[in-house]
Amino acid sequence: MSEHKATVVWKRTTPDFTYKTYSRDHVWRFDNGIEVPGSAAPAYLGNANCVDPEGAMVAALSSCHMLTFLALAANKGFTVDSYEDAAVGHLGKNSNGKMALLSVDLHPNIAFSGAKLPAQADLDWLHDKAHKECFIANSVLTEVHVVPA
């Protein structure tokens with residue numbers, strides 16, 4: 001078992017504090033010293049130059065799937081040269097009428113090289129297994145669809 005910590009820091013930077021005027025900008029601090037500027041999505045009065053929580057969740061799902069896929073591919077003897085995913089999260093109202101990230105579509109585009117190249121059945125197995133083993137996908141209720149390029 002491991003722990004993963006993040007500290008979120010926000011401070012008021014405006015003279016008043018009303019819904020339309022307070023800044024949504026904040027900082028995510030991680031144990032390794034990395035800081036990421038965060039904010040709400042622009043649709044919710046956030047800063048477009050920062051990472052919003054919904055985008056971060058989409059990136060976390062995509063990143064976890066990729067890292068799991070790479071490990072599985074390496075263990076099967078496939079050589080991956082590149083992996084790029086243009087992931088898309090879909091925000092909407094859930095069955096309780098609450099806003100939620102309802103689904104995430106992963107669109108991995110993967111390049112392989114070497115003598116052993118995966119067949120379509122291998123790719124299907126790798127993506128299915130990666131999804132089933134992804135720590136983040138196993139942690140959320142959001143539907144995740146893998147749509148390889």
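The model is a predicted one, in which local features need pLDDT of at least 70 and side-chain atom pairs count only at pLDDT 80 or more, while totals for chains, interfaces and linings use all residues. Residues are numbered from 1 along each chain as its sequence is written, and side-chain values use heavy atoms, with hydrogens and water left out.

The open sheet has 3 strands in the order β1-β2-β3, with antiparallel pairing; strands here are DSSP runs of E with at least two residues, helices are runs of H or I with at least four residues, and both are numbered from the N terminus. Two strands pair if DSSP finds at least two bridges between them. On average, neighbouring strands of this sheet are turned by 20 degrees against each other, direction ignored, where the axes are lines fitted to C-alpha atoms (for helices over the stretch in contact) and angles run from 0 to 180 degrees between N-to-C directions.

Show the side chain of R29, which stands opposite E35 in β3. The two side chains meet in a salt bridge, at 2.7 Å from N to O; the term requires a side-chain nitrogen of Lys or Arg within 4 Å of a carboxyl oxygen of Asp or Glu. R29 counts as partly exposed at 37% relative accessibility, and E35 is partly exposed at 46%, given that buried means under 20% relative accessible area, exposed over 50%, and partly exposed in between (1.4 Å probe, protein chains only).

**Helix α2**

Now move to residues 120–133, helix α2, and pick out D128 and K132, which lie 4 residues apart, about one turn of the helix. D128 forms a salt bridge with K132, their closest N and O atoms being 3.0 Å apart, and D128 is partly exposed at 38% relative accessibility.

Then select K129 and E133, whose side chains meet in a salt bridge of 3.5 Å, N to O; they too are 4 residues apart in helix α2, about one helical turn. K129 is partly exposed, with a relative accessible area of 29%, and E133 is partly exposed at 38%.

By the salt-bridge rule, the count comes to 4.
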